[in-house]
Amino acid sequence: MDASAPEWAPEHEVGAELAARLVGERWPEFRGVPVEPLAAGWDNTVFVVGGAWVFRFPRRSIAVPLLEREIAVLPFLAPRLPPAIPVPRYVARDPSPDYPWPFWGARMIPGRELADAGLGEDRRVRAAGDAGRFLRALHDPALVPQVELPYDPFRRADPSSRGPRARTRLAELARQGLWESDPAVEALLDAAPDAPVPDGAVVCHGDLHPRHLMIGEGGAVAGVIDWGDLCLGDPAVDLSLAYGAFAGTARAALLEAYGRPVGAAQETAARVLALFVCSALAEYAASEGNGALLAEALAGIGRSAAP
């Protein structure tokens, strides 16, 4: 791959025609049905097949073991969580001449990404409360999948790891004229190197941000998607959503619905991680021309450090 290419540049790009062929070759019931692009992220490209199913194809080799983790664990989690999550029903592990990696298909979860949902304050509060209830169920200590999960493999709950990386991304956003230095953000970054690392151990989504929260009617959370970073970790790994995606009354609603105390170390770790995630999303959105996501991510940078 070109060394100058962005981190999210694909190693294998799947288009609608190839997706239709790969799916139809394995499952005859999908031959001839419409196949439409739905979304592309850093690691996967997703298509709607037959109007009711989503098929997920890795774009980068790093995503392949993450996809295998989804296949192994999501069927266990689905009946234990309040919103819908994808459950792989169609799984292809055999490589083909056109595509070397596994992929899977699941029932489509209706809704729109948080950044695209255009929520007013009341509906954002509702979404936040639903997100808190989801996290309460996910972080239940009794929830133990019969599959070994890695422990926070990317050190997301370690402010000394995420803080410098957030600073680098913010500097790039400032260079592009997309962000101006904020004293509250700078203070959070200054505190990151010496912040303690919380060490709880619960099941974590691992990459919970506005693109992975699907919003339905009235602001309700219809589902949570993209579980490739599923892991064990401190709750701060997922509580970053509370600080990057919500503020004020909405954040209070999330934390009240979550119903478990959030210690000072967890809050700092969650805020620093939210700062990193939002800055990364902003850089990605600017590169891809996604205005709604860019606005959401830039707002999230400020929310991450706001009371």
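**Helix 6 and helix 8**

I began with the contact between two helices of this predicted model, and listed Ala236, Val237, Leu239, Ser240, Tyr243 and Gly244 in helix 6 as meeting Gln266, Glu267, Ala269, Ala270, Arg271, Leu273, Ala274 and Cys278 in helix 8; contact means heavy atoms within 4.5 Å. By class, I noted 9 nonpolar, 3 polar and 2 charged residues in the contact of helix 6 with helix 8, where Ala, Val, Leu, Ile, Met, Phe, Trp, Tyr, Cys and Pro count as nonpolar, Asp, Glu, Lys and Arg as charged, and the others, Gly among them, as polar.

I then looked up the geometry: helix 6 (residues 236-244) and helix 8 (residues 264-288) pack at an angle of about 70°, and their axes are 7 Å apart. That makes helix 6 roughly perpendicular to helix 8, a term for angles of 65 to 115 degrees, while those under 35 count as roughly parallel, over 145 as roughly antiparallel and the rest as oblique. Axes are lines fitted to C-alpha atoms, for helices over the stretch in contact, and angles run from 0 to 180 degrees between N-to-C directions. Helices (H or I, at least four residues) and strands (E, at least two) are DSSP runs, numbered from the N terminus.

For the record, residues are numbered from 1 along each chain as its sequence is written, and side-chain values use heavy atoms, with hydrogens and water left out. In this predicted model, local features need pLDDT of at least 70 and side-chain atom pairs count only at pLDDT 80 or more, whereas totals for chains, interfaces and linings use all residues.

I found an open sheet of 5 strands in the order 1-2-3-5-4, with antiparallel pairing; two strands pair if DSSP finds at least two bridges between them. Strand 1 (35-40) and strand 4 (90-92) stand at the edges with a single partner strand each, so one side of each has no neighbour in the sheet. Between strand 3 (residues 53-58) and strand 5 (residues 103-107) I noted antiparallel pairing over 4 bridges, and Arg56 has Trp104 in strand 5 as its bridge partner. Helix 1 (residues 16-26) packs on the sheet and touches strand 1, strand 2 (44-49), strand 3, strand 4 and strand 5, its direction making about 110° with that of strand 3.

**The sheet of 3 strands**

I also looked up an open sheet in which 3 strands follow the order 6-8-9 with antiparallel pairing. Strand 6 is joined to strand 8 (residues 213-215) by 2 bridges, and they run antiparallel; here Glu113 stands opposite Met214 in strand 8. Strand 8 and strand 9 pair in the antiparallel sense over 3 bridges, and Leu213 has Val224 in strand 9 as its bridge partner. In the hairpin of strand 8 and strand 9, with 5 residues between the strands, I noted that Gly218 takes a positive phi near 70°.

**Aromatic pairs**

I counted 15 aromatic pairs in the structure; rings of Phe, Tyr and Trp (its six-membered ring) pair if their centres lie within 6.5 Å, and planes under 30 degrees apart count as stacked, over 60 as edge-to-face and the rest as tilted. The ring centres of Phe30 and Phe55 are 5.6 Å apart and the planes stand at 85°, so the pair is edge-to-face. The pair links distant parts of the chain, with Phe30 in the loop between helix 1 and strand 1 and Phe55 in strand 3, 25 residues apart.
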